[in-house]
Every structure is written in structure tokens, then in C-alpha cells.
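Reader: I'm new to this one. Could you show me the model and walk me through how its strands get their labels?

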Amino acid sequence: MNYATVPDIKTALPGPKAAAAIAADKDFISSSYTRGYPFVMARGTGVVAEDIDGNVFLDMTAGIAVNATGHSHPRIVQAISEAASRFTHMSGTDFYYPVQAQLARMISERTRGGPHRVFFCNSGAEANEGAMKLARWYTKRPYLISFRGAFHGRTYGAMSLGCSKAIHRNHYAPLVPSVIHANYPYSYRAAPHLDTPEKVAQDALDYFDNVIFKREVQAEEVAAIFVEPVQGEGGYVVPPANFLPGLRALCDKHGILLVLDEVQSGMGRTGKFWAHEHFGIEADIITSAKGIASGLPLGAVIAKKDIMTWPPGSHASTFGGNPIACAAAVETIKLLDEGLTANAAGVGEYMKMRLDEWAKGSPVAGEVRGMGLMLGVEIVKSKQGKERDAELRNTIELTAFARGLLILGCGENNIRFCPSLVLSKEEADKAVSLFAAAVEDARKQLGRG
Ligand SMILES: Cc1ncc(COP(=O)(O)O)c(C=O)c1O
């Protein structure tokens, strides 16, 4: 598909077909989903998404940071159809097919601290469930530590690790026990006496020795610390440079496994294969999903080889490592290597610079932050007071949609840009201009202009 004009909004939104689709959806689909605006997908190419009424949008969501290679990249479509024409399923749990090992090897070769072994599953939550089980199995220790603001998925274990929104847990207790939460270093919102990013990180690290290991659990009882190298749902929070190395040292000191949840930040998104490479550390276990297979459901637990030694029967999945998803992932990694990771770094830096320029002139731009094409903007009532403005953030999503720009929120008051890694500088320019205009529309709509 080639689109002469992007975006191109031809009908009132939602259009007639979209309105009918949404009505049908309302009758039959779970009420738990959180659709911010009425976009009904028909087809897409690159960072362009068309709805079922023929309206054309610039997509800065990539289906929640998933379509790493853009919508329906021809090489991904070819890899999928070739794999599907051979066989669609045989269960890697009970049988062999070479593409699983091929993919595991490709991942290991691009991951520090190898050799590794990989367990394939179907989602980010499942990958974190697998990592929780592996960490407890390997260390024979019961406790797990994760962070406030973290999101690790919706299943019981992953939900128990998570700590970003109370609604995620409402009426679901009892949760998985023996999970403790620590503070993620969030420089923009740190206490005034923590006046450098290094101090913010050190304070978060000191909390382990001063509070957790002193008052809640002895370090020798902790199996693993789970951490997102860049916090995603929590608000696209990039930790200070000394935080992850500090956590690594803490884990080494106490024999605790460091589990990096790279579900959102991995697979080239931040301009490196894994986000933790920016911080110069190695993980004991990494969890991955989202971008790994350009939109097909696939998750992975990647562990150092001497850790993933659990015996046959101790963990498995019927669908995990589906051959079509694995073929899509192999092709995704080839495309990342051939330039998409580098593109995420280059265009991401450019887009951040453009957003920073806009932020200087906007009274509601609290902070622009992120790495590569994982970029967030904190929306506030005033720059000085930093009061979170969730209402304005939500309205911006709607006004952007009306202008033909698809964006998503994260955290309480942040907008995230997590487009496909094929984004060009021209498209980034267009996205920033549309976003800037949408912010002004929203301010006017709420009488704040
Ligand atoms: C960091 C992180 N971990 C885990 C998950 C859960 O992934 P899934 O929705 O595939 O279960 C997400 C999803 O947003 C995520 O951002």
C-alpha cells in the first residue's frame, strides 16, 4: 500500500463502519479492555495504519511497542507464509523443529554473558512467570523483589510482581506471596534533597540494605530481583546510569539472580538489541516478548546456560515457540541487524531532540525522556509545580486521534511514542508537529489554552 497523504482523515471519527464494529465489540468482547479512542484497524504498512473506513493514521504505537519491523513488512509476511505452508504447529515441548534452536542461538549470540538457553512461551506475562519459576527453582529461595511502578503482566505471578496501578489487582487477592517492592529511581519526581540522578539511584539502592534486608527479609532468602531496564507502563522512566550496575553488584554480593524484563524495552527498541546494554551490565535471566516476532505471539525466557538446567517436565508450554512465530522472529532479528536497531538509535535521538525543542515552548511539557524509539512525555499542570495532569494527557490522546496521530498513554500522566523501528526522520517530524498541535487542541478544549 502506498499512501499519498499521511495522515488522511476522510470521515467523522469514528466512521460508520468503525462505529458498527465498536457496537458489535461492546456486545461480545470483555469489558476489561482499555480503549482510549475508537480506532478500528483494517490494514497497515510501516508506520501507517488505515482504519476500516479508509482513514489513514500515523501510528506511534506499533500495537503497544510490538510491530518492530512495521505493519506487515514484506519479509515478515513472506517468512510467516512460508513457515505456515510447511506446518503450523507441532509443539516444541514434545517434538523438535530446527527453527526454535536457530532462534535461540541468534538471541544468545546477541546477548552478553553467554552461552544461554531459551525457554519459549507466548507472551510477556508468561515469560515472567517462567522466570519466577526458574529463579526459585535454581536458587531454592522463596522471595522475589520488584519495583514500584513496574509492570510485568496480568497473570498471577506477573501481576504480583507488578506495582503500577491498583486496578490491575482490584479484587484479585490473594496474590502470590513473598514478593516485596522497592523504589525505582525516578529522577524527575525525586525528593528535593536527591538533587542529582546519581543520588536518586543510590537512595533506591540503599533501600535494599537499610530497609528490605534489615526489616523484611534476609538477602539469603531472596531468589531474584526483577527490573525493567527502562520502566514502561510506569511512565517510560529511564534510570540513572549507576542504578543497574548498582543492582548487579547487590545481586552478586548476595547470590541473588538479576532478572531483566526487556519485554517492552528489548529487541532494538532503545537503539541496542537489549536496553541493558546501555548500562554495561549482564543479566542472569532476561524476559522478552512484544517486538520479538513483529506481532506474532511469542515470549522468551533467556537464561545463562548453567541456570537453565531444570529437568524435563519442570516447565513447558503447548503453543510456546510456535514455528510460525519463531520464523517471524528469525526474520525480525535479521532486519534489526540489517539496520532497524541503528535506525531506532538515530531516528530516536532525532525525535527526542525535536520533542525537547517543542517542550521548551510548552507549559505542560514536564519532561521528555527515553532512549531510541522508546520516548515519553510527562504532561503536567505547570513546569514548576510538576502536578500530574492525567485529564490533559487523556484529552491529548483524543485530539491526536482526531488529527490522524495514534499515540498511547503510560503511567498516570505520560504520553509514549513507541513506533515501529522503521520510522524515518520525516515521519518523526510529522509526528512531533501533529502531537504539538494536538496538545494545543486539548488545552483549548479544557479551557487551559
Ligand atoms: C515490561 C513489560 N513486561 C511484561 C509485559 C506483559 O506482556 P504481555 O502483555 O505480552 O503479557 C508488558 C506489557 O506491556 C511489559 O511492558
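Author: A residue is called buried if 20 or more other C-beta atoms lie within 10 Å of its own. Keep in mind that this is a predicted model. By that cut-off, 5 of the 5 residues in strand β8 (residues 257-261) are buried, and the strand counts as mostly covered.

Reader: Which residues of β8 point one way, and which the other way?

Author: L257, V259 and D261 go one way, L258 and L260 go the other, and all are buried. In a regular strand, side chains alternate between the two faces of the sheet.

Reader: How do you know that β7 and β8 pair?

Author: Pairing takes at least two bridges. Strand β7 (residues 222-227) and β8 are joined by 4 bridges and run parallel, with I225 opposite L258 in β8. From β7 the chain passes through helix α8 (residues 243-254) to reach β8, in a right-handed β-α-β crossover.

Reader: Why is β5 called largely enclosed?

Author: Because 5 of the 5 residues in strand β5 (residues 143-147) are buried, the rest of the structure largely encloses it. Y143, I145 and F147 point one way, while L144 and S146 point the other.

Reader: What joins β5 to β7?

Author: There are 3 bridges, with the strands parallel, and Y143 sits opposite V222 in β7. β5 also pairs in the parallel sense with strand β6 (residues 179-182), over 4 bridges.

Note on methods: Residues numbered from 1 in each chain as written. Predicted model: local features only at pLDDT ≥ 70, side-chain atom pairs only at ≥ 80, totals over all residues. Buried ≥ 20, exposed ≤ 12 C-beta atoms within 10 Å, placed from the backbone. Helix = DSSP H or I, 4+ residues; strand = E, 2+ residues; numbered from the N terminus. Right-handed = clockwise from strand over helix to strand, strands pointing away.
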